[in-house]
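I opened this model to go through a handful of local features. The notes below are in the order in which I looked things up.

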Amino acid sequence: MNRLPNSASALACTAHALNLIEKRTLTHEEMKTLNKEVIDYFQQHVNPGFLEYRKSVTAGGDYGAVEWQAGGLNTLVDTQGHEFLDCLGGFGIFNVGHRNPKVVSAVQHQLEKQPLHSQELLDPLRAMLAKTLATLTPGKLKYSFFSNSGTESVEAALKLAKAYQSPRGKFTFVATSGAFHGKSLGSLSATAKADFRKPFMPLLPGFRHVAFGNIDAMRALFTDCKKTGDDVAAVILEPIQGEGGVILPPPGYLPAVRKLCDEFGALLIFDEVQTGMGRTGKMFACEHENVQPDILCLAKALGGGVMPIGATVATEEVFSVLFDNPFLHTTTFGGNPLSCAAALATIHVLLEENLPAQAQQKGNLLLDGFKELAQQYPDLVVEARGQGMLMAIEFVDNEIGYQFSSEMFRQQVLVAGTLINAKTVRVEPPLTLTIEQCEQVLAAARRALTALRQTLAAPAATATN
C-alpha cells in the first residue's frame, strides 16, 4: 500500500532539525536521542550500507560517532565531545582547514547580499573567479566553466573535448587502469573499477583503458586506434591517482603523454579534482613536471571545505566551441555567488599563507615517518608513498588496512581506505596541520601498528599452546 504524504510529520521533522541547527551544545539526553535518530534514519532513509562501511559505527550498530562541529582548523568534534584529528580531510576538501575564518567570512558576507544568482544579470564573482583561475593555472588555460562537483567538472571536460574533436573525426577517449573520475555516466566511463561500472553497462562508447605510467602501452593504443580509424580525441589522467591508491607515475611520464597527444592531435585533460589546490606541494600537481593540459578539472578543495564547487578550465581554442551557443552546456547552480566567494577566499588563503609549500614540508615529515614505520613493520606494511599532503600506506591485505584505520579511529585520528584500492589507507590531512600534529599522527600510527601486531600474534600463540 502506498504511504500517503504527511505534511504535519514533515513539518515536525524540519522544526526538530532547525532547533538542532541553532544549538551550539547538547545535553546528555539530547546527545543520546540525536545519536539514535541518526543511526535509525541512516538505516531507514539514507542507506543501511553506510552503517556497515563506516568505522565510526560499532559492529552491532548500537553506537555511532555522529559529527557535530569543527573543533579547529584540523579537528572534528562528535556529539559526545570527542575530538578527532582529521587526516582524511573529507577525501581532500579541507585543504585550508575546517571552517577557515576567511572562507567562512567571505561566504557569510555574500549570503547577506545575494546567495544565488538571477540567471539574467551578470554575476561579478563568477567573472572574478574565472579571471583568478586564468591567472593561476598553467599554460594557456583561460576560460572556466563552473559546476558543483568533481564529477560534473569531468563531465564538462569530456563534453568540451567531444565538441572540439567531433568535427575532426576523433571520438576515442583514453583513460588509465586504476583511474577514478567520478560516477555519473560519462565520468564513470573513464573510471576504471569494475564494481562501479558493471551495474551500469553499457557505458558511453569509445572509452579505452591502458596501464597508468606505461607510455609505451599508451603509444601502442594510439597507433592501433589510428590504424582502425578510431582516432584518439583526448587522454584523461590524474597526475597522481588518488582513489587508485595514491599511485605516482614514473618521472617523465606526464611530459611524454603531453608529447604523444601533440603528435597525434589529441587533447590532454588533467583531472586535478583531488591533487589540485596545493595538495601535492604545488598549486597543481602537473606543475611538478611543468606539463600543461588543454583542459583542467578542479573541485573538492576549491570551495575551501565550506561550499561545493567544480571548475573546468580550458584553453581558448578548446573552450571556443561554446562561444556560439553558451547554453550548449549549463547548470543552474554552477558558479553561484556563495561558491565563488568561497573559492576566491580559498585561493587567497592558499597563496597568502603559502600552503602548497607547507604541504611539501609537512608531507615530507609525515612520509619519512611512515616509511620508517613500513621498514619496522614489514609483516603488516608493504610500503608508504605520496607527494606533499597526499599519502598512502599500503598494507599486506585489505583486512589489515581496515583494522589499521579502525585502530587509528579509536585513537581519534581519522584515516580511510581508497575507493579503488581497499588495502591502501590514505592520509590526506588539511594543509594547515601543525608540525606538532604531524608528530601526533606518527605516534598514533606507531601505536596502531604495535596493537595490530599483538592482535595478530595472539591467535598464533593460542594455537601453539
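**Entry 1: the kind of model**

I note at the start that this is a predicted model.

**Entry 2: helix α10**

I began with α10, residues 215-228. Its 14 residues should span 20 Å at 1.5 Å a residue, and I find the end C-alpha atoms 20 Å apart, which agrees. I then asked which residues of α10 are buried. They are Met218, Leu221, Phe222 and Cys225. Looking down the axis of α10, I see these buried residues fall within an arc of 100 degrees, so they line one face of the helix.

Turned away from the buried side of α10 is a face with the exposed residues Asp216 and Lys227. For the buried residues of α10, I list β5 (172-176), β6 (207-210), β7 (232-237) and α11 (253-264) as the elements they pack against.

**Entry 3: helix α11**

I took α11 next. It has 12 residues and reaches 17 Å from first C-alpha to last, close to the 16 Å expected at 1.5 Å a residue. I record Tyr253, Leu254, Val257, Arg258, Leu260 and Cys261 as the buried residues of α11. They cover an arc of only 165 degrees around the axis, which puts them on the same side of α11. What do the buried residues of α11 pack against? I find β5, α10, β7 and β8. After α11 comes glycine 265, and its phi is positive, near 70 degrees.

**Entry 4: salt bridges**

I searched the whole structure and got 18 salt bridges. I wrote up some of them.

Arginine 258 pairs with aspartate 294, with the closest N and O atoms 3.0 Å apart. This pair links distant parts of the chain, since arginine 258 sits in helix α11 and aspartate 294 in the loop between β8 and β9, 36 residues apart.

Arginine 446 forms a salt bridge with glutamate 372, and here the closest N and O atoms are 3.9 Å apart. Arginine 446 belongs to helix α16 (residues 435-464) and glutamate 372 to helix α14 (residues 355-376), so the pair ties together parts that are 74 residues apart in sequence. I get 35% relative accessible area for arginine 446, which is partly exposed. Glutamate 372 is partly exposed too, at 39%.

Glutamate 428 bridges to arginine 426 with the closest N and O atoms 3.6 Å apart. I find both glutamate 428 and arginine 426 buried. Salt bridges that share partners join Glu243, Arg279, Arg426 and Glu428 into one network.

**Entry 5: backbone angles**

The peptide bond from methionine 201 to proline 202 is cis, with omega near -5 degrees. Proline 202 is in the loop between α9 (194-197) and β6.

Methionine 277 has a positive phi, near 60 degrees. I place methionine 277 in the loop between β8 (267-271) and β9 (295-298). At 1% relative accessibility, methionine 277 counts as buried.

Lysine 300 has a positive phi as well, near 40 degrees. I find lysine 300 in the loop between β9 and β10 (310-315), and at 25% relative accessibility lysine 300 counts as partly exposed.

**Entry 6: glycine 71**

Glycine 71 is in strand β1, residues 67-72. Beyond its neighbours within four places in sequence, glycine 71 is in contact with Leu76, Val77 and Glu83. I also took the C-alpha separation of glycine 71 and leucine 85, which are 14 residues apart along the chain: 9.1 Å.

**Entry 7: a nonpolar patch**

Last, I looked at the surface. Leu185, Phe200 and Leu204 form a nonpolar patch there, with about 270 Å² of accessible area together. Leucine 185 lies in helix α8, residues 185-190. I have leucine 185 as partly exposed, at 46% relative accessibility.

Terms used:
Residues numbered from 1 in each chain as written. Predicted model: local features only at pLDDT ≥ 70, side-chain atom pairs only at ≥ 80, totals over all residues. Heavy atoms only, no water. Patch = residues over 30% accessible without salt bridge, like charges linked within 9 Å, V, L, I, M, F, W, Y side chains within 5 Å. Areas by Shrake-Rupley, 256 points an atom, 1.4 Å probe, with all protein chains shown as cover. Salt bridge = Lys/Arg side-chain N within 4 Å of Asp/Glu carboxyl O. Helix = DSSP H or I, 4+ residues; strand = E, 2+ residues; numbered from the N terminus. Buried < 20%, exposed > 50% of the residue type's maximum accessible area, 1.4 Å probe, protein only. Contact = heavy atoms within 4.5 Å. Expected span 1.5 Å × (residues − 1). Arc of directions from axis to C-beta.
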